[in-house]
Amino acid sequence: MRLSRRALLAATTAATALSSAPPASAAVRRLRTGFENLASTGYADLRGERVGIVTNPTGITRDARHIVDVMHADDRVDLTAVFGPEHGFRGTAQAGGSEGRYDDPATGLPVYDTYLKSGRPLADIFTASGVDTVVFDIQDVGARFYTYIWTLYDCMEAAQLAGKRFVVLDRPNPVTGRAAQGPVLHKEFATFVGRQPVSQAHGMTVAELARLFNGEFLTAPVALETVLMTGWKRSEFYDTSGLPWVPPSPNMPTPETALVYSGTCLFEGTNLSEGRGTTRPFELLGAEGVDGRWAAAANELALPGVHFREAYFAPTFSKFQGRTIGGVQIHVHDRAAYDPVRTGIALLVTAKRVWSGFAWRSDNWIDKLTGSTQVRTAIDAGAGPDEVVAGWREELAAFRATRREYLLYR
């Protein structure tokens, strides 16, 4: 039953993707986002529909105009509502916050809040908005615990319940789509930082994830269409795209932040600072009482593509606000060789070994971030980085096999 459903979904999505893309002659090496390809057709896939869009400040054109402003000014598309995720449509809220319901001052469009809403309550919002089609266009960063991909999942589920069509406009994975890495979520640890069994670094685009969600995880598939990019290769980092970078959230200021995030966000599950409140979140890590021994221990592992510098800093908010703390700064010198998840594990292991004050968060948030108890219990038992990584090898291989069926780019 699963095979026939999967084949049907793949065929439907592939046909839609082909019809949404420009002719092959237009697909030169200049990357074109899903929105660019949709707009180049005069929004043909949305014609005659009342459209609502799930987006945030990253939903921009190559010349840095917001797509909501562009679509609102174009008579060829009937944009009637906006749906904001965590941090909000205009991105003013910090982690764990949103902007609520309001009318956008620039366009007059109603903005609805999706954050922490799912199932029937979110379906009711789509129904109340009066839209026929829900469009999704948000820049992801490639990590399972980045909440926008679960906003995508929740909105797909809610659109199915509300009888709405769902269209995903694709954007690049900024840290490449080369491979999936890290532990796979166990369903009993599902939260908004991981709804379904996906690896910690998924190596997929949002359109590919939408196909995966529809084919593997949703109870009933939504009427899904994807508008693909052209000119993107799986091996490419964000700086090859020619697109401007807009921070997808307040603590994701640069593509370099995204490069390390899928590993160092694990420090949210500890009593160390993950660098929030600094100009280098997730690249700076530390705590009171940590000194140069941590950087030395991490450098002794000779991890590929990365060096560690002894660092001291004073966060302006979050953990250790206003206090000078010691730790490390991550310096990636070969991003093609760098493995962010293994590096994050190695930093946890060495921090615990050199600093007697190391502790997990009391609510075992680390288990929600990694997707099971395996990482925490292995490190507590004295396992080294290679032993910890070996603990998820079989589950990761199974996820990679499933993932392969939903990839759309070479």
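Colleague: How many cavities of 30 Å³ or more does a search of the whole structure find?
Modeller: This is a predicted model, where local features need pLDDT of at least 70 and side-chain atom pairs 80 or more, while totals for chains, interfaces and linings use all residues. Residues are numbered from 1 along each chain as its sequence is written, and side-chain values use heavy atoms, without hydrogens or water. The search (1 Å grid over the protein atoms alone; a cavity is a set of points where a 1.4 Å probe fits but cannot get out) finds three.

Colleague: What is the volume of the largest cavity?
Modeller: Its lining (residues with an atom within 4 Å of a point) includes Thr-58, Arg-171 and Trp-245. By class, the lining has six nonpolar, three polar and one charged residue. The volume (space filled by probe spheres set on the points) is about 70 Å³.

Colleague: Are H4 and H5 roughly parallel or roughly perpendicular to each other?
Modeller: H4 (residues 119-129) and H5 (residues 148-162) have axes 8 Å apart. Their contact (heavy atoms within 4.5 Å) involves Phe-126 of H4 and Leu-161 of H5, among others. The packing angle is about 65°, so H4 and H5 (DSSP runs of at least four residues) are roughly perpendicular (65 to 115 degrees).

Colleague: At what angle do H7 and H9 pack?
Modeller: H7 (residues 255-264) and H9 (residues 340-354) have axes 7 Å apart, and they touch through residues including Leu-259 of H7 and Leu-347 of H9. That contact has five nonpolar, four polar and no charged residues.

Methods: 1 Å grid on protein atoms, 1.4 Å probe; cavity = no way out; pocket = protein on both sides within 12 Å on 5 of 7 lines; lining within 4 Å. Nonpolar A, V, L, I, M, F, W, Y, C, P; charged D, E, K, R; others polar. Axes fitted to C-alpha atoms, helices over the stretch in contact; angles between N-to-C directions. Helix = DSSP H or I, 4+ residues; strand = E, 2+ residues; numbered from the N terminus. Parallel < 35°, antiparallel > 145°, perpendicular 65-115°, else oblique.
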